[in-house]
Amino acid sequence: EHKLELTMVSSGVTMLFSGFMNRKKAEARKSMKFKEIIEEAMGKEIAPHVKQVVLIVCCEDAEGEDVDVPEVRVRIRAISDTEYVAQLARHLSSVPATRIACSKRGAVSIVIRLVTSSPEHTFSAVPFPDICSDSPAAMQQSLAQYLTDPGMHTVRAQLLFIQRAQYPGDPWSGHIGFPGGKQEPSDMGDLQKTAERETLEELGIPANTLLCLGRLDDVPAVTPLGKTIIVVSPWVFLQVRQSTDMMLSAEVASAHWVDLRQLLEPTLATHAAILRTTRGGSTWVHRGLAHLGLASMQYPVVRLAYRTECSVQSRGGASYGPFASCGELRLWGLSLIMAGNLVDWARPAECPLGAPRLTGWWPRLSPVLWADFNLLMRLAHRVCWQSPSKRSPLSPLAPGYFTAFQRAARVAFPLACALKVCATYVLVRRVCPAVYRIMLQMFV
């Protein structure tokens with residue numbers, strides 16, 4: 001594409017390819033993998049802790065002039081689930097969470113467990129050593145050493161999701177999320193106790209089986225007009241002791257353990273749209289907004305697969321609906337934002353800036369009536385949040401995301417209305433001149 005000729009490739013002090021190399025040897029290395037080339041050049045295997053190598057590439061153009069090429073990073077070994085969990089623990093212990101002031105608060109528990117699977121798809125919990133210590137730094141060091149051990153490379157990490165029971169009038173009825181709820185006076189203002197209490201009440205998982213890794217950024221529940229309803233604080237826990245079977249309360253229809261890899265690899269999670277009807281019942285205002293296509297919005301949705309052997313159903317059996325089906329969960333809203341923040345903290349530093357994110361485009365209106373508005377917002381989203389210097393696209397909790405969305409909507413909505421008025425004028429004036437004359441006589 002750039003009409004460059006490769007002259008030399010090196011890694012550190014090891015020469016991998018050069019123009020003056022033996023022709024037969026050079027041709028053989030062109031068909032080899034980088035890992036094989038490096039091991040052949042070094043004369044030994046790459047250390048297990050090495051995940052990537054930095055290559056220095058030298059090229060020449062058609063005129064024989066040297067061309068500056070940035071260094072190339074090549075991943076030679078996949079990152080294990082336990083290394084993601086270790087990175088998450090390091091970030092949560094060293095970076096303070098963003099806190100939002102609000103009178104109405106709640107907390108949820110993001111529970112992670114480590115399991116091994118056999119060919120028969122039976123899952124067993126990984127035994128943990130006694131890593132409890134009076135010093136948080138010593139505990140984090142012991143946990144990191146245990147998780148990054150080479151023997152833990154094949155261990156799988158899973159997240160615990162629940163499906164809310166169906167209740168008439170409940171805005172979160174049937175939704176997929178994390179165990180949690182509102183803060184109560186008995187919690188004494190401690191949101192971690194709120195998360196642990198709700199986890200025990202809803203799932204029967206005691207707090208002594210969980211190790212608190214830290215707290216994620218607060219997530220506000222915001223209306224389309226920008227009003228904050230409640231602020232939720234997500235707490236991340238690692239299940240270090242095998243508890244008894246989960247006992248679901250009446251508030252929970254089912255509980256599912258989902259592989260963390262589905263969130264880390266967006267190729268396994270597709271994005272779709274789900275319709276969210278605004279509250280208001282059957283009032284004339286709601287019906288009028290529905291006719292205009294303004295009573296509902298479409299939000300990003302991530303589809304997650306789960307196994308029946310990693311799920312627990314309530315006594316009433318499976319409860320399927322618009323947010324869950326047999327073998328699939330549809331994650332969206334606040335829970336999707338929390339899961340996206342967790343994935344961002346779990347990504348190691350060597351992940352590229354353009355790594356796909358769970359949360360994608362801004363919310364949209366009806367694709368039939370407001371296609372022009374959606375197009376304008378999509379263009380604004382691309383300009384604001386998909387520059388090469390930022391992760392593409394940014395999470396809704398990034399600074400200024402909701403502010404930028406509201407400002408863009410304030411500009412895009414009048415423009416969309418003006419386009420509709422112009423299109424109606426042209427249609428009536430050009431296509432139906434008789435109707436235009438009648439309308440002109442009525443209003444003039």
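Strand β6 covers residues 105-117 and β8 covers residues 156-164; strands here are DSSP runs (E, at least two residues), and helices are DSSP runs of H or I with at least four residues, numbered from the N terminus. The two strands pair in the antiparallel sense over four bridges, where pairing requires that DSSP finds at least two bridges between the strands. Residue numbers start from 1 along each chain as its sequence is written. Because the model is predicted, local features need pLDDT of at least 70 and side-chain atom pairs count only at pLDDT 80 or more, whereas totals for chains, interfaces and linings use all residues; side-chain values use heavy atoms, with hydrogens and water left out.

With strand β10 (residues 180-182), β6 pairs in the antiparallel sense over three bridges, and V108 stands opposite G180 in β10. With strand β13 (residues 228-239), the pairing of β6 is parallel and extends over eight bridges; I112 stands opposite L238 in this case. Eleven of the 13 residues of β6 are buried, so the strand is largely enclosed by the rest of the structure. Buried denotes under 20% relative accessible area, exposed over 50%, and partly exposed the range in between (1.4 Å probe, protein chains only).

R215 lies in strand β11, which spans residues 210-215. This residue counts as buried because its relative accessibility is 11%. The side chain of R215 makes polar contacts with the side chains of D218, at 3.1 Å, and of S233, at 3.0 Å. A polar contact is a pair of N or O atoms within 3.5 Å; within protein, one atom must be able to donate a hydrogen and the other to accept it, and residues adjacent in sequence count only if both atoms are side-chain atoms. When residues up to four places away in sequence are not counted, R215 touches L92, A97, R99, R105, L191, S233, P234 and W235, contact meaning heavy atoms within 4.5 Å.

Across the chain, the secondary structure comprises eleven helices and 19 strands. Of the 444 residues, 43% are buried. Among contacts between residues at least 6 apart in sequence, 69% join residues at least 24 apart. The accessible surface of the chain is about 24,600 Å², and carbon and sulfur atoms account for 59% of this area (Shrake-Rupley method, 1.4 Å probe; for residues, only the protein chains shown count as cover).
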